[in-house]
Amino acid sequence: MKALFATLTITSLLFSSCNAQKADLVVYNGKVYTVNEKFDTAEAFAVKDGRIIGVGSSAEIRKQFRATEEVDVAGKSVYPGFIDAHAHFFGYGESLQTADLRGTSSWEEVTQRLSEFAKTHPEGWLIGRGWDQNDWVDKQFPDKAQLDLLFPDRPVLLSRIDGHAAIANQKALTTAGITRSYTLTGGEIVENNGKLTGLLIDNAVDLVNRKIPGSTASQAEKILLDAQAKCFAAGLTTIDDCGVDASLVSLVEKLHASKSLKMRLYLMLSDSEPNYTYLFSRGAIKTDRLNVRAFKVYADGALGSRGACLLHPYHDLPNKTGFMLSNPKHFEEVAEKIAKHDFQMCTHAIGDSANRSILKIYNKVLGGKNDKRWRIEHAQVVAPEDFGLFGSANIIPSVQPTHATSDMYWAGDRLGKERLKGAYAYKQLMQQNGWLPLGTDFPVEDINPIFTFYAATVRKDSKNYPAGGFQMENALSREEALRGMTIWAAKANFEEKEKGSIEKGKFADFIILDQDLMKSNPSKILNTQVLKTYVNGEKVYEKK
């Protein structure tokens, strides 16, 4: 009898095995946050040809599918691959090749770091990025005097953390043909007592930037691949690169074809006539890993450098309101042109005046409710009466939560107590359409999406400041934050049917973390580590 039972069991197992569907990969024994409509959790899922073919319990999936490879997650948490809805992927890769000035505590430290960098980069322009005078004891903008002493014969350009201001030495100014201050739209060449200080604001920075030699093809390839490696290690599987030129598209296509570049990219072309000509004639570009259907437009500057365009003067500089980077007619013409060709418009707007101006133009051109998914990038300071302009035309506020926790120390000085209430108002913005995408704006902020999650939900810095959280009425729930980093970010790119959740038919982009973001004590969230990252079912990163 025992022999008969054993024979029947073996036969049953063989029969079950023969009837199991073939899969390339089965992931099981995990806590899988599917981020589907119901925010269900599961234990396992199966992958074939880069897509998810089944989701369920470990027992069900392992019985239903016979896989070439199985991964026992051992109870760890699994999430859809993180999507950064606003970043500068190529710019971040470039920053890895230049002097890192982030976290400096003084102008003296900036020049010290640059001097060390110059020792290993002895030729050509000296480029650096990341200083922020708001982090220094002396919060005044620096000037070029020390740079002129240290580097009289090498052009130097050091960009502020937000990229909306920079210090150039005399050699760089001379190379750019800047011999005096003059008025320009959307920018400022700063003088003091009739002498150039080297400080350039917004469009003035471009006067020097355009003189810097561009990357060679091999350098550009290294830039992209270096950025990819860092992003995969952070659990990022799709990046919205906000503001690139059409020339980058062909390089990305080439590297995607060679399979050396595996990152999925949503490229927004910058506001320039050559870029419009290129994409309007070619049409939207869509592959499994590349999506080009949007244009990035720039309304104003940044709050930290007082280039953000405000309705009323800066609280800490009453004679200044910031400025728009182009005249209103330009934004209206661009909006009409983009709408005519059925592309997406994504506009950088920081100040309440800039947001109001762009929102009104969007509402006029879009004509009410729609599914064009036009975006306001940052939506950082919004007047109370203007929030409704988002919902009235389904305009998407694309926000970066770490801006709130980076700026909270000094934003009140810039805006004053009352106006600060309409700044970094993520909950209020989310309520306009019922969803909103989240990003980092790296390299302005750190690339780590865990910081995004923490800033969105806890709204404190790494030292637990402030005690009660910064303007907690605008904190997001953990579910909202995770959706903003996955399915809502995909939706902002018209990609919610192919990524952003762990569901049958979608790309197998997922990550395994060492702790559960939905349950972790807030004090432990920032310590979360990415253990593995998968794109298209392929492991592209594993923590050593």
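The following questions and answers set values from a predicted model against the definitions behind them.

User: What are the ground rules for the numbers in this model?

Analyst: The model is predicted, so local features need pLDDT of at least 70 and side-chain atom pairs count only at pLDDT 80 or more, while totals for chains, interfaces and linings use all residues. Residues are numbered from 1 along each chain as its sequence is written, and side-chain values use heavy atoms, with hydrogens and water left out.

User: Why are helix 10 and helix 11 called roughly parallel?

Analyst: Their axes come within 12 Å and cross at roughly 10°. Axes are lines fitted to C-alpha atoms, for helices over the stretch in contact, with angles from 0 to 180 degrees between N-to-C directions. Angles under 35 degrees count as roughly parallel, over 145 as roughly antiparallel, 65 to 115 as roughly perpendicular and the rest as oblique. Helix 10 and helix 11 are therefore roughly parallel to each other. Helix 10 covers residues 273–282 and helix 11 covers residues 328–340; helices (H or I, at least four residues) and strands (E, at least two) are DSSP runs, numbered from the N terminus.

User: What makes the contact of helix 10 with helix 11?

Analyst: Contact means heavy atoms within 4.5 Å. Glu273, Tyr276 and Phe280 of helix 10 meet Val334, Lys337 and Ile338 of helix 11. These residues divide into four nonpolar, no polar and two charged, where Ala, Val, Leu, Ile, Met, Phe, Trp, Tyr, Cys and Pro count as nonpolar, Asp, Glu, Lys and Arg as charged, and the others, Gly among them, as polar.

User: What is the handedness of the crossing of helix 11 and helix 12?

Analyst: The crossing is right-handed. A crossing is left-handed if the near helix is turned anticlockwise from the far one by less than a right angle, and right-handed if clockwise. The axes of helix 11 and helix 12 (residues 352–366) come within 10 Å and cross at roughly 35°. Helix 11 contributes Pro328, Phe331, Glu332, Ala335, Glu336 and Ala339, and helix 12 contributes Ile358, Ile361 and Val365. That contact holds seven nonpolar, no polar and two charged residues.

User: How many cavities of 30 Å³ or more does a search of the whole structure find, and what makes a space a cavity?

Analyst: The search finds two. On a 1 Å grid over the protein atoms alone, a cavity is a set of points where a 1.4 Å probe fits but cannot get out, and a pocket is an open set with protein on both sides within 12 Å along at least five of seven lines; lining residues have an atom within 4 Å of a point. Grid points are joined across faces, edges and corners, and a volume is the space filled by probe spheres set on the points. The largest cavity holds about 50 Å³, and its lining has three nonpolar, five polar and two charged residues. The second largest cavity holds about 40 Å³.

User: Which element gives the largest share of the lining of the second largest cavity?

Analyst: Strand 8 does, with three residues. That lining divides into six nonpolar, three polar and one charged.

User: What lines the second largest pocket?

Analyst: Its lining has 16 residues, of which Gln140, Phe141, Ser305, Arg306 and Leu317 lie nearest its centre. The space amounts to about 360 Å³. By class, the lining residues are six nonpolar, three polar and seven charged.
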